[in-house]
Structure formats: C-alpha cells, structure tokens
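Student: I'm new to this one and would like to learn how to read it. Could you walk me through a few features?

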Amino acid sequence: MRLCRRYWLVPCLALACLPMAVHAAGTAAGTSISNTASVSYSRDGSNVTATSNTDVVRVAEILDVVVTRVSPVVTVDAGAANAELVFTVTNTGNGSEAFLLLPQSAGVTDDDYDPQLASPALYFDTDGSGDLSGGDVAYVPGSNDPVLAADASVRVLLVNDIPAGTADGALGRSQVTASARTGTGAAGTTYAGAGDAGVDAVTGTTEADAAEYGEYQVQSLQMAVVKSQTIADPFGGSQPVPGARILYRIVVTVTGSGAAAAALFDDPIPANTTYIASSLALNGSALSDAADADAGAYVVAPSPRVRATLGDLTQGSGPQTIEFAVTIN
Amino acid sequence: MNDQHFRRRAGRGLCYLAVPLLLFAVAASAEDGGCIELTTTASVEQKFRNSQGRVATRLVPPGKVVPGDEIVWTITAKNVCQMALDKIVIGNPVPQHMAFVGNSADGQGTVVTYSIDGQAYGTPSTLTVKTEDGTVQPAPPEAFRHVRWTYQGALAPGALASVRYRATVI
C-alpha cells in the first residue's frame, strides 16, 4: 500500500509537468535554477559526505505573442457602421510584457474590398460581452498598451465601417498586429537586461510579433412574405359573412446570400374571427396546435395568434408555405 | 556627536563584520576536513568551427537560458588528500524547473542509477510509474528526479572523477 501511494504521486507530478513544457510559457523569466551535488565516500573505513558549491542559472525572458481570431466570418450589410471582429492577444512568453496593437484594413491581401477602420478602431472588450458596447475602453497606443503576464490574454475588438454599395457576397479583411514593446526580431534577438527582474529578453519563435485577420462578408438578404386568403361561406359561395371560413396562405421566400437565422412566423388571428382548431400546416404538413416538438403552435394568450418556427432560411430553402383557417364570428 | 565620532563607529563596525566572514571562508575551504572537493558547473553546448574547419561542439558557460534549453550539469570530484578513497557515490537531484534528458547521464568508471522519489534507485528499465488508469509503465526520463553515480574502484590522490548529465529547462 505504501509503495502504491509513493508511485502514485510520481506520475501525477510527471503528468503535471509534461503538458506544461508543451503548452505553457514555461518557467517564469527571472527564476533562479539552483543545483547542488553531494558526494559520499569512505576514508579510513568511515563514511564521509560533502556537498558541492551551488551553481545558479537564471531563466531569461522569452518574448512571444499569438493573436487568435475569435469571430468567424462576420456577416454585414453594405454600409454598416461599427461592425466588429473579435480577437484574443495572448502572451505566450514566460514573463510580463506590454504589447503594441496595430489595426489595419487597407492592403490586407486576398480579399474583395477594404473595410474602413473606425476611429478609434481598437477597443478592449472590457465588459466581456464579445461586441462593442458602452463599457468597452478604446485602445490608445502607448497609453494603455495591454500588459500581459505569462500565458495571460486580452480580448480586443477591431471595428470597421463597411463601404456602402459593396457587392453582395464580397469579402473584406481587417487585421490586428501585436508586437512586444521590449522589442521584436528574428527568433533569438536579444535585448540585454530588458526582461523581468533585469534578465535578458530574447525573442521566441513568433519573433515577438503576430498578426491575424478577420473577415467581413457582405450579405444582402431579402425576405418576401406574401399572404393570400380564400373565403368559403356556408352557402357554397365566397362571401365574407358570419360563419364563413377564411383559409389564409402565407408564402415566405428568401433571396440573396446568407441566412435568415432562426426565422419565426407569427401572425395574429384577425379581429372578429376564431381560429379553426388543427388547421395549421407548414408546407402541406399539418402541425398540432399545442406548443410541442413540431414547428407550429396556436397561442391563446395574451392575444390569439399562430406561430411557426422556420429555422435558418436561405435561398436554397425554397418558399415556405404556412396555412391556417379562421371562421368569421 | 560629530562627524569624526560617526566615522570611528563605522570603522569599528566593518572590523566586526570582517572577522566572521574570514572564519566562514576558512571553514568553507576546509569543508569537513574532507578529502573530496566537489564542484557543480552549468554549461551549454555550443557549435563552433574547429581548426580543421569542421563543425564541432564544445561546452561554454550558459548565456541566456530560456524554457526548452538544455543545460549540461558537470560534477567534478577531486581527491585532495594523500590517500586513495573508495566507495565514492556522487548524487544530484535534478533541479526544480528542469526535466532530465533521457540517456544523457555518464561518467567514466561509474555506474549510473536513477530515482523517482530519491529513495529507491535503479536502472531505467527497473523504474516504473503508475498512470491515471492504474496501469504500470516504464518511467519516462522526465520522471527521473535524482541521478546517482557510483564510482567503481578507488580514486587516487589528486585524481579527478567527472560526471555529467543534461536537463531541459521546463
């Protein structure tokens, strides 16, 4: 049992250390690594022990940074103002470091148009909302450069305006560059004494400089809703008299690029009419009146209405036909 | 009180300080009146072009050391007595923030063993760790936290025994 416990500790230690070497920044800059050896020997038959000097190696500071895109492709309308891309700037070095951030939209390659940098163009996502909101602090180079501890990161918002008249489907790129304030340069570039606690700072594999772009895709999505009615009176005619039945048919059609996410159809029952139970249908299939697993529901309160969830609609979805019927009171 | 008084006092203070420092230095060199002078040295490998124009490797004092770098630890035992010494065992815990590099320990005339816990020593094939799922596996080199060199035979007066290993800054 004791043996077991002893060995149990060790792999935990090993497991805890190994991933560190791969993922984290590693031993902190300024750390002193001390080593003292010992010796035992026999002299005149008696055992003697002694220790060596202690040699100390100090860990220098690695300057490394990574910029990661958080936003997927952001869909925008042509002419949209203050559209934001979200990025994370992470200090992948092993010491505390300030980073200079630089926004850029013009001249980023492999896109169809240039978004226009807003002024200011960079904000910290101070309130953690993931979008530009009142509490977010604008970034001012040299004034509030983010100072990040080893492995720490900060979320930034890159804000652009989209030129009016940009073509449907066009893709525009905008990027953020982060560079270590201490210095950048080919891996191994050394800044003597400039690291934490006065150790040398040396650029790592990222060259202490990293950039990442995000994309704005212009989408012009049009949704057409056409409603028609058919009246059947109790006398075989089509007069809107009390007791007559009105069949409503609504056709929803999406055109253009992009998707109408989580589209919801919601139609109040007209005044002076009464919904006919179980008359709701979507694309020819009957929907139950209960608010349940199927897409439709007849809702009584606060005012009578029919609802149908249509999901994410694209041009490829084709026309969606909703039908329901009422009786004239 | 005047300036002179101050100066005199300061002077006396220095005297008091110097005496224990001196004693300490003497004690340190004499060790236990011991026969082995043990030295630990950190160095790093450096590639250079030798006189034949070939790229060779030499050990130099570490300059800037960053995570991922390898340090070569060299431990030298010198017999400073007039008699031969035997049963010499040199031990070194792998320093904190470092991971032992597999197969890197050697020392002429020594047998190298390792330990995970500083208690049980053995050759790499005899050391095991238990993984999270309970299976027992051969210990990876990073799990070796102690290295021990057992010197075979006697160390003659004035002779040096040198051992070394490499470890990576985590």
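Tutor: Let's begin with a term we'll need: a salt bridge is a side-chain nitrogen of Lys or Arg within 4 Å of a carboxyl oxygen of Asp or Glu. Keep in mind that this is a predicted model. The general idea is that side chains of opposite charge can pair when their charged atoms come close. In chain B, B:Arg166 and B:Glu70 make such a pair, with 2.8 Å between the closest N and O atoms. B:Arg166 belongs to strand β12 (residues 160-169) of chain B and B:Glu70 to strand β3 of chain B, so the pair ties together parts that are 96 residues apart in sequence.

Student: How many salt bridges does the structure hold over all chains?

Tutor: Seven. Two others to look at are in chain A. A:Asp266 pairs with A:Arg305, the closest N and O atoms being 2.9 Å apart. That pair links distant parts of the chain, 39 residues apart, with A:Arg305 in strand β22 of chain A and A:Asp266 in strand β17 of chain A. A:Asp266 also forms a salt bridge with A:Arg307, where the closest N and O atoms are 2.7 Å apart. A:Arg307 lies in β22 of chain A and A:Asp266 in β17 of chain A, so this pair ties together parts that are 41 residues apart in sequence.

Student: Which residues are joined into one network by salt bridges that share partners?

Tutor: A:Asp266, A:Arg305 and A:Arg307.

Student: What is the strand order in the open sheet of three strands?

Tutor: The order is β3-β13-β12 in chain A, with mixed pairing. β3 (61-63) and β12 (190-191) of chain A stand at the edges with a single partner strand each, so one side of each has no neighbour in the sheet. Two bridges join β12(A) to β13 (residues 201-203) of chain A, and these strands run antiparallel. Look for A:Thr190, which stands opposite A:Val202 in β13(A).

Student: And disulfides: which residues form one?

Tutor: There is one disulfide over all chains. B:Cys35 and B:Cys81 form it, with their sulfur atoms 1.9 Å apart. The two lie 46 residues apart: B:Cys35 is in the loop between α1 (3-30) and β1 (36-49) of chain B, and B:Cys81 is in the loop between β3 (70-79) and β4 (86-93) of chain B. The link is left-handed, with -90° about the S-S bond.

Student: Why does B:Cys81 count as buried?

Tutor: The cut-off for buried is under 20% relative accessible area. B:Cys81 counts as buried because its relative accessibility is 16%, and B:Cys35 is buried at 0%.

Conventions: Residues numbered from 1 in each chain as written. Chains lettered and ligands numbered in written order. Predicted model: local features only at pLDDT ≥ 70, side-chain atom pairs only at ≥ 80, totals over all residues. Heavy atoms only, no water. Pairing = 2+ DSSP bridges. Helix = DSSP H or I, 4+ residues; strand = E, 2+ residues; numbered from the N terminus. Disulfide = S-S within 2.5 Å. Buried < 20%, exposed > 50% of the residue type's maximum accessible area, 1.4 Å probe, protein only.
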